[in-house]
Amino acid sequence: MVKEQDYLEKKATYCLDLAKKLGATNSSIIVSNSITETVNFRNKNLDESNRSDNLGISITTYIDQKKSSISSSNLLDHNLKILIEKCIETTKNTPEDEFNSLPEKELLAKEIKDLNLFDITHLENDKKIEYLKLLEESASCNEKIINTESSFSEDKSSFILANSIGFCEGYKSSSFTASCVAVAKDDKSMERDYEYTNKCHLKDIKPAEDLGKISAELTIKKLSPQKIGSEKISIIFDKRIAKGMLNTFASAISSSAVSRGTSFLKDKINEKVFSDNINVFDKPDILKGLGSKSFDLEGVKSETLDLVQQGVLKNYLVDTYNGRKLNLKSNGRCGGISNLYFDNGKVSYKDLLNSNSRVLYVTETIGHGSNIVTGDYSVGATGFLLEDGEFKYPINEFTIAGNFKDMFQNITLANDLEFEYAINSPTMMIEGMVVAGK
Amino acid sequence: MSNFFDKSDLTRKDVDKIVSDTLKNCDDGELYLEDSKSESILLDDNTIKSSNYNSDLGFGFRAISGEVVAYSHSNEISRESLKNSSANLNSTLKSSNGTYNNEIPKSNKKYYNDINPIEQKSLNSKIEILNKVNNFLRKKDSKVKQVTASFTGEQKSIEIIRLGGEALTDVRPLIRFNVSVMLEKNGRKETGVYGIGGRQSYDDYLKNDNWQNVCEEAFRIASVNLESKPAPAGEMKVVLGPGWPAILIHEAIGHGLEGDFNRKKTSAFHNLMGQKVASEGVTIVDDGTIDKRRGSLTIDDEGTPTERTVLIENGILKNFMQDRLNARLMNTRSTGSGRRENYKHIVLPRMRNTMMLSGNQTQDEMIRSVDKGIFAVSFGGGQVDITSGKFVFNCTEAYEIINGTLGSPIKGATLIGDGPSILKEVSMVGNDMMLDPGIGTCGKAGQGVPVGVAQPSILIDKMTVGGTKL
C-alpha cells in the first residue's frame, strides 16, 4: 500500500524542525510516495510486469533571501539530517535573490475540497491481464494487424506539502491507464497508431474492446500513404493534436517565460491573441479531473482562471517568485496548469470538415518544433487529405509550419469538446498554414 | 564504491540467497543497485536562480523467462522490500522453468575514472564562473537581453548482482556546462544555445577559460538567427555540417537498428540484414569505448563490457544493437548496448556514441554542387516513428544554398525524411569527421540516457524542408 498521510507528515515535520534548528529562516518540504503496477502485453501474450515503489522528499531552505534545494529518495532520519545540513550549507553560499520567498500567508489554501481523486480499488495483475487479453483480441481482428502492444497501469500516490509558515496539507490520488499500439502492414507500407484511456477511477476507463478496436481502425486507415506537394492549405487538427497547442500556449503564458522576456506572449494581457469566440479556461476543481488540485506546489489556493475571453488574453500562470518580479499575485500555478481546455466552438465536427473543399486532417505530429520565444512552429506530420468533407487517402512525410501569433488568430473550433484528459480541446481548424512535401 | 547494504538489515550473503532463489528457474535477470548524486546550478535573469542537489538510492530487481520480463524497484534497501520484490517477480513468472545463463564477457578496460565531479569543484567557484558568463555576455553587446548558464554534474555508482553471487560494478561521472543567450534587435528576439560535457571533471572542460568559447558560440548562433529569413518549403538538397548534425543518423537509422524493434519486427529495418541500406562509402558504428565521452560506458547496465559495433559497413547492414534479452531471443550476442535511465527502469537496447565515419570529399565541394538547397550546421531535437521510418529534426542554424554559394541564414525549420531510404540519398561523404560537444540525451519509452554522435559533412540529395516560403 502507498504510504499513509501520517507517515509523510511525520517526515515533513521532522525536516521543518531540523531545518529551523540548523539556521533556516524558512523552509518548504514535499514528501511523496507512489506505487505503480503495470502489465504489458504483446501479440496476445504477457510481455512484462513492472512494480514501481517511489519515495521522495524535496527540501527547500531559505536564509533570508538566499535559497537552495535538495531532494532524495532515502527517507531514513540519519540521511535526512545529512541532507539538511548540506542544504543549509549550500544556502549560505548561494547569492541572495530579492524575489525569493514563501507565498503570502493569505493566499495559502485553507479549505481542502474533496475532489474525489482517489479510488481505493486495487486491480490484481491477473485482472489486468484479463483486460489486456480482451483488448488485444479485439485489436487483432483484422489480418492486416501484424503486431499489438498493450499496457495496463495502476498508480496510487500520496503526498504532503509543508512549510514553515504553517501550511501542512496533502492527499492521495489514483490513476488507471490502459493503452494499445497496433502495427498494420500491406504490400506498400507498415504503419502504427494508438489509443489510450486514463482516469482517476477504475470504473471510468474505456472498455477493453473499444480501445483495441479503435487503435486497429486508426492504424489500418493509415496504410498505403501518399505524399503531398508543398502548398498553403487549411489544416484540421484532430483533438489529440489540437490539445498540444494548449501545451505551447501554457508554456508561453507561464510567469517564468514572461518575466524572463522569452515568450511571444509577453506584454499581451488584455490584447487579442486568438480569433474571436476563443475561450480558454484552467479549472482545478473538476471532480475526478486528472489535473485537479486544491493548491499548487507552494500551497497557494488554485481557482478557475479565465485565461482567454473572446480571444483576449486575461491571465498569466503565476507562481510566487515570478509574481513578485512581475508585480502580480500568485494565482496558484506553481508547477503549471490544472485542467486546461478550449471551450467549445460554434460549428459541428461535420461542418468543420466541410468548411473547405480541400483540407489536410492531421492525426499525428513529430518533432519539437515549437519555439515560444519567436512563436515559430514547424513539425513533421501524418494525416489525411479531405475533399468536400470526405476522407480521401492517408498522407505522410510532410511538414506543417507557421507562427503561433498568426495561427492563434486563425483558429476555428468545433463543438465536440470532451473531458478525457487533463488538457482537452475540440477539433481545431487553422487556416493558411504552409505544408512542405515532395 | 558504495556499499549498498551497510545501512540495511541485510548481509551480502542474504542478498545472494534472495537473488539466487528468485532467479533459479529464470533465463536471465539480476539485482541492480544504484546510488547517484547529482547537482544543478542555474544562473538566469542575472541571478543564481536555483542550486539543487539530489541523492537517490534504490534497486531494480529483474527476472526474465522466455520473452517475459518481470521488474520491481524500490528505494528501500531492506530485507522486507527485497523479499516483496522477489515475491512480485515470482508471481508474474509462476510457471517459469528456464535455465539461467551465467555467461557474461569480461574486460579490464575502463573508459573513465572513478571521480565525483560534484565534490571536485567548490560551489563558490561554480557560481563565480556562471557570474563571469553573465557579465561577459551582457558586456559584449547591448543586444543581449537574457543569459542562462548552468552546471549539471552527476556521479552514479552501480552494482549488478547475478545468480550465484557474481557482482559487477561501475562508477560513472558525467558533467555538462550550458549557455543560452537571447538577443533582441528591432523587436525581434532570437536565442543561441551551446554546451559541452562528458565523463570528466568540470575543470577538464573549463581549462584556459574555455567557458568564453562556449559563450562566443552561443552568441554567434543567436546573432546568425537574428538575420535569418523564412526557410524554404519543399524537397531539396541538404548539406549537413560535421559533428552534432549526426543526430540525423541517430534518429533516422540508429533507433531502427535497436534489437528490440527488430525482434518484434516493428522496425522498418527488421528484414534488411545483409542488404544495402546506404550509399557506398557510408559506414556507421555505435561505439561505447571512446575515452571519457558522454555516451561511453565501461560496462552496460547488464554488466556486459561495451564495444565498437559496426552497424552499416560500406552501405551494407551488418549488425543490430543488442541487450542480453533481445540477443538471446535473436540467437546472437549482446553488443553491450543494454541501458536504463536509472534503477526505476527496465533495460532496453540503446545507442552509445553513434558515428558515421569519414569519406574523402570536402564540404566546399558539396556546397558548390548544390543549385538549390540548404546547409544545416546545427540542430535541436529530433524524433522518429520507428514503424513508418519517418523522422524529423529541427535546424537551429542553417543557410540557404543558391547556385553553389551560401546565402542568408534561414529560420528554424523541421526537416523530414524516410529512415530506410535517406542513407541511399547520401551522395558525398566528407573527410572532416567530428565528434559532437557532449550534450546529447536520447529518449526512448520514457527513459533518457546520455549519448554522443559524430559524422563528417555529408550531402543528401533529397529531403523535405519544412519552411514557410513556397
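This is a predicted model: local features need pLDDT of at least 70, side-chain atom pairs count only at pLDDT 80 or more; totals for chains, interfaces and linings use all residues.
View 1. The C-alpha centres of domain 1 of chain B and domain 2 of chain B are 24 Å apart. Domain 1 of chain B covers 123-226, and domain 2 covers 233-466, according to the domain assignment.

**View 2. The contact between domain 1 and domain 2 of chain B.** Domain 1 of chain B supplies 14 residues to the contact, and domain 2 of chain B supplies 16 residues. On the domain 1 side, three elements of chain B give two or more residues: strand S5 (167-185), strand S6 (188-198) and helix H5 (210-226). By residue class, this side of domain 1 of chain B holds 6 nonpolar, 5 polar and 3 charged residues.

**View 3. Helix H2 (residues 79-92) of chain B.** The helix has 14 residues. From first C-alpha to last, H2 of chain B reaches 20 Å, close to the 20 Å expected at 1.5 Å a residue. Its buried residues are Ser81(B), Leu82(B), Ser85(B), Asn88(B), Leu89(B) and Thr92(B). Seen down the axis of H2(B), these buried residues fall within an arc of 120°, so they line one face of the helix. An α-helix has 3.6 residues a turn, so residues three or four places apart point the same way. Glu80(B) and Ala87(B) are exposed, on the face of H2(B) turned away from its buried side.

**View 4. Packing partners of the buried residues of H2(B).** Both chains take part. From chain A come strand S2 (45-63) and helix H3 (125-139). From chain B come helix H1 (12-23), strand S2 (47-65) and strand S3 (68-74).

How values were computed
Residues are numbered from 1 along each chain as its sequence is written. Chains are lettered from A and ligands numbered from 1 in the order in which they are written. Domain bounds come from an automatic or database domain assignment. Two residues are in contact if their C-beta atoms, placed from the backbone, lie within 7 Å. Helices (H or I, at least four residues) and strands (E, at least two) are DSSP runs, numbered from the N terminus. Ala, Val, Leu, Ile, Met, Phe, Trp, Tyr, Cys and Pro count as nonpolar, Asp, Glu, Lys and Arg as charged, and the others, Gly among them, as polar. The expected span of a helix is 1.5 Å times one less than its number of residues. A residue is buried if 20 or more other C-beta atoms lie within 10 Å of its own, exposed if 12 or fewer, and partly exposed in between; C-beta atoms are placed from the backbone. The arc is that of the directions from the helix axis to the C-beta atoms.
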